[in-house]
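Hi everyone, thanks for coming. Let's take a short walk through a structure that may be new to you, so please have a look at the screen.

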Amino acid sequence: MRLEPKYMPLAATVSLFVAMAAFGSVAYTGFFAAQAFLNLLIDNAFLVIVAVGMTFVILTGGIDLSVGSVVALSTMVLAALMEHRHWSLWLAIPLVLCMGTLFGAFMGWLIQRFRLQPFIVTLAGMFLARGLCYLISIDSISITDEAYTALAQLRIPLWGESAALSLSAILALVVLALAMFVAHATEFGRTVYAIGGNEQSAMLMGLPVARTTVLVYTVSGFCSALGGVVFTFYMLSGYGLHAVGLELDAIAAVVIGGTLLSGGVGYVVGTLFGALTLGIIQSLIMFNGSLSSWWTRIVIGALLFVFCVLQRVFETGRKAH
């Protein structure tokens, strides 16, 4: 049974993840214990959420460099509202999500309305959001609200006392499930793939290209804000230097997950495996104990080179057919 070419990038990612997990379980005691495996998702939940939003953008052939800064801004606004203004978390969190969504929609509108390069617009958004953090405060703002701390420490047991998931991991799985449904079972998802395949053809087919272009950046903005909320579950603080470089990690997760940077080909579930692959590289280096944490970046960089070459080979083969 021959694998269809469109599934090859996803198959390569899943195979890489399984190979790394198998190596870790053989090389290190306790590496593949149930909770150790679940910790991969718990520790990378915010990255999964942000990368899901990035997947939709990259599927259209675009890019969003603002996601890390929007995460930081979300943590700052949330912390400032709860600690300085004494807002309830049930008011502060929806406001932060609306803020991120509108920020993404504004960038999408600029890109679509004025036919601007996504790279430049989202680069400007990155600087703007990061700068706004320091208008709120140049220092870290701790979140001490008891209800919020309880949410951050909440654990949902899966089987007995041996394994549990955090609220952040549950949110990541819910976002992933919704994204898979939207990408593969709705008109919006079909239009996203069509734009990435050939925008002119999508317009000639009568698909809502302009609206969808704005919406993908809106989705990315929402996911970034939600990622910021989840990030505060880990840090219990807002800070302008939170999530520096997260946009690069998100792009790496999407690319390693098998989504083509040129757009039109990729699967949301691949992004999950891409993010978990980044997490398992970190775990392997941590379990080793003798390697510097910078080896994580070195291995991720090497993987990206490999996947970029594989993407080019895949695209060449696709055009040949």
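First, a word on naming: helices are DSSP runs of H or I with at least four residues, strands are runs of E with at least two, and both are numbered from the N terminus. Residues are numbered from 1 along each chain as its sequence is written. This is a predicted model, where local features need pLDDT of at least 70, side-chain atom pairs count only at pLDDT 80 or more, and totals for chains, interfaces and linings use all residues, while side-chain values use heavy atoms, leaving out hydrogens and water.

How confident is the predictor? pLDDT is its confidence in each residue, from 0 to 100. The protein chain has a mean of 93, with 97% of its residues at 70 or more.

Helix α2 (residues 34-43) packs against helix α3 (residues 45-59) at an angle of about 50°, and their axes are 4 Å apart. Here axes are lines fitted to C-alpha atoms, for helices over the stretch in contact, and angles run from 0 to 180 degrees between N-to-C directions. The pair is therefore oblique; under 35 degrees would be roughly parallel, over 145 roughly antiparallel, 65 to 115 roughly perpendicular, and the rest is oblique. Which residues make the contact? From α2 come Leu41, Ile42 and Asp43, and from α3 come Ala45, Phe46 and Val48, with contact meaning heavy atoms within 4.5 Å.

Phe37 also sits in α2. Its relative accessible area is 33%, so Phe37 is partly exposed; buried means under 20%, exposed over 50%, and partly exposed in between, using a 1.4 Å probe and protein chains only. Leaving aside residues up to four places away in sequence, Phe37 touches Phe17 and Phe32. Phe37 and Leu276 are 239 residues apart in sequence, yet 9.7 Å apart in space, C-alpha to C-alpha.

Next comes helix α13 (residues 268-288), which is mostly covered, with 15 of its 21 residues buried. After α13 comes Gly289, with a positive phi near 80°.

Which residues other than glycine have a positive phi? Arg115 has one of about 55°, and Leu236 has one near 50°. Arg115 lies in the loop between α5 (89-113) and α6 (118-136) and counts as exposed at 54% relative accessibility. Leu236 is in the loop between α11 (209-235) and β4 (237-238) and is partly exposed at 22%.

Key
pLDDT = per-residue confidence, 0-100.
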